[in-house]
Amino acid sequence: MNAVGVFALMFIFGLYSADLPFSSAATIFSVLNYGAKADGKTDDSKAFSAAWKAACSATTQNPTVVVPSSRNFLVYPLIFNGPCKSSQISFQIIGTISSPSSPSVWSGHDISKWLTFNGVTGLLITGTGTIDSHGSGWWGQSCRDHPNLALSLISCKQSTISGIYFVNSAQEHLVIYLSNDILIKNMHITAPENSPNTDGIHIEASQNVLVNNSYIATGDDCVSIGDMTSNINISFVNCGPGHGVSVGSLGKNGNSVKVENIHVKRVNFKGSTNGARIKTWQVGLGYARKISFEHITLQSVQNPIYIDQNYCDIKGARGNCAQKSTGVHISEVTFNDIVGTSSTYVAINLNCSQSVACTGITMSSIQIKSDKSGQQVISKCTNAHGTNSGVVQPKSCLQS
Ligand SMILES: *[C@@H]1O[C@H](CO)[C@@H](O)[C@H](O)[C@H]1NC(C)=O
Ligand SMILES: *[C@@H]1O[C@H](CO)[C@@H](O)[C@H](O)[C@H]1NC(C)=O
Ligand SMILES: *[C@@H]1O[C@H](CO)[C@@H](O)[C@H](O)[C@H]1NC(C)=O
C-alpha cells in the first residue's frame with residue numbers, strides 16, 4: 001500500500017487525530033488516550049505519567065496535557081520531570097484530580113508530596129478544574145505523618161498557574177520552591193478553618209513570584225514566604241479564614257535568612273487570625289527587609305498588624321520565649337493604608353527582639369477599630385524603631 005493508502009485507512013479508522021498518542025507531532029495529550037479510566041476509583045497515575053512524558057518530549061509548540069472535564073481522576077504521588085523539548089508546555093486541568101482519601105493507602109509511597117513538577121521551564125498550568133486532596137483523614141494525625149502537600153513546583157522557571165481550584169490538602173496546597181519568574185493567578189483555595197497546616201500558597205527559596213487575584217480560605221496562612229526568597233508581590237487576594245499573609249516563619253534551624261522585596265498590596269482579610277504578619281525564629285540569623293503591606297482591609301482580624309521576632313519552640317510557663325542573643329534583623333518595613341476592624345484589644349503588636357531590634361518601620365494611614373462597639377484597641381511595641389506619618393489609629397508606639 002502506498003502512503004496515500006495508509007493515510008486513507010488511518011482516516012477511516014479515525015486514527016488520524018491531533019491527539020494520536022505516541023506521535024511526536026501531536027499537540028494535545030489527553031490522559032484518556034493514555035489509558036486513564038477516570039472513574040475516581042482506578043489508579044490513573046500511569047496514564048498521567050505517560051501523557052506527561054509524551055508531551056514533554058514532543059517537539060511541537062506548546063504541547064498540552066489535558067485532564068478532561070466532568071471526570072474524576074484518582075492519582076498517587078507523581079513527579080512530572082523536566083526539562084521538556086518545547087520551550088512552553090501546558091497542563092490543562094478541567095476535570096477533577098483526586099488523591100486517595102485514606103492515609104493507609106499511601107504506605108509504600110513517598111508521602112511527602114502528591115503532585116510535583118520538577119525542573120520545568122515554560123510550564124503553564126491552567127483550567128477551571130479541581131485538585132482535591134481529600135486531606136481530612138490526615139488532619140487528626142501528628143504533623144510529621146501528613147506532609148503530603150498537594151502541588152509543588154520545584155526548580156521551575158517562567159511558569160504560570162492560573163484558575164485552578166484546590167480543596168482540602170493534607171498540608172500546604174501549593175508550594176513554590178527553588179523557582180524563578182512564577183505567576184500565580186485567579187486561584188481558589190479552600191480547606192476548613194480548623195484543618196491544621198493547610199497553608200494556601202507557600203513560597204520558599206524563590207525569586208520573582210507574583211500571586212494575584214485569588215481567593216484563599218484555609219486553616220493556616222493564606223500565603224507564606226519562607227527563607228531565601230525575594231521579589232515577591234502578592235496582590236488582590238481575599239484571605240480568610242486562615243492565618244493571614246505571613247513573611248515567615250523565618251530562620252527555624254538557626255540558619256542565615258535572606259528575604260527582601262516582599263510587597264503585599266490590596267489584600268482583604270476577613271475573620272483571619274492575622275493580617276499583615278512577619279514572624280522569625282529567635283535562633284535565626286540574617287535579614288528580612290524591604291517589606292510592604294499596603295491598601296489592606298480588615299474585618300474582625302485577631303492580630304491585624306503583627307511582628308513576632310521572638311518565635312521559639314520551647315516556651316516558658318506563660319507561653320513566652322526566653323530572650324536570645326540571635327535573631328533575624330527586620331528592617332525597612334512599611335505599613336500603609338490599613339483600614340478595618342480588630343477582634344482583639346491589641347491591634348498592632350510589634351514584638352521585636354532585645355538583641356536585634358526592628359529598624360526602619362514606617363506607618364501611615366492606619367485606622368483600625370474594634371469590631372465590638374464601644375471598645376478600644378491599642379498598639380504595643382517592643383524594640384521597634386521607625387517613624388509615623390499621617391493618621392495612625394490606634395496611636396503608634398514606634399520608638400525613634
Ligand atoms: C512587583 O511590583 C513592583 C512594583 O510595585 C514591580 O516593579 C515588580 O516588577 C513586581 N514584581 C513581580 C515579580 O511581579
Ligand atoms: C491582578 O488582578 C487585578 C484584579 O483582578 C487586575 O486588575 C490586574 O491586572 C492583575 N495584574 C496582573 C499582573 O495580572
Ligand atoms: C513578646 O514576645 C515575648 C517572647 O515570646 C513574650 O513573652 C511577650 O509576651 C510578647 N509580647 C507581646 C505584647 O505579645
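A residue is counted as near a molecule when one of its heavy atoms lies within 4 Å of it. In this predicted model, that rule places six names around ligand 3: Asn310, Asn320, Cys321, Asn349, Asn351 and Lys380.

Several of these residues make polar contacts with ligand 3. The side chain of Asn351 has an N or O atom 2.4 Å from an oxygen atom of the ligand. For Asn349, a polar side-chain atom is 3.0 Å from an oxygen atom of ligand 3. Cys321 takes part through its backbone: a polar backbone atom of this residue lies 2.9 Å from a ligand oxygen. Taken on its own, ligand 3 has 370 Å² of accessible area, and the protein covers 63% of that area.

Ligand 2 has its own surroundings. Its shell consists of Leu210, Asn212, Asn213 and Phe236.

An N or O atom in the side chain of Asn212 is 2.4 Å from one ligand oxygen atom. A polar side-chain atom of Asn213 is found 3.2 Å from an oxygen atom of ligand 2.

The overall fold was examined next. The protein chain holds 30 strands and three helices. Its radius of gyration is 24 Å, close to the 21 Å given by the globule rule for 400 residues, so the chain is as compact as a globular protein of that length. Along the principal axes, the C-alpha atoms fill a box of roughly 90 × 40 × 40 Å.

Among contacts with a separation of 6 or more, 75% join residues 24 or more positions apart.

Of the 400 residues in the protein chain, 50% count as buried, a label applied to residues under 20% relative accessible area. The accessible surface of the chain comes to about 17,000 Å². Carbon and sulfur atoms account for 51% of this surface.

Key. Residues numbered from 1 in each chain as written. Chains lettered and ligands numbered in written order. Predicted model: local features only at pLDDT ≥ 70, side-chain atom pairs only at ≥ 80, totals over all residues. Heavy atoms only, no water. Polar contact = N/O pair within 3.5 Å; in protein donor to acceptor, adjacent residues only side chain to side chain. Helix = DSSP H or I, 4+ residues; strand = E, 2+ residues; numbered from the N terminus. Rg over C-alpha atoms; globule rule 2.2 N^0.38 Å. Buried < 20%, exposed > 50% of the residue type's maximum accessible area, 1.4 Å probe, protein only. Contact = heavy atoms within 4.5 Å. Areas by Shrake-Rupley, 256 points an atom, 1.4 Å probe, with all protein chains shown as cover.
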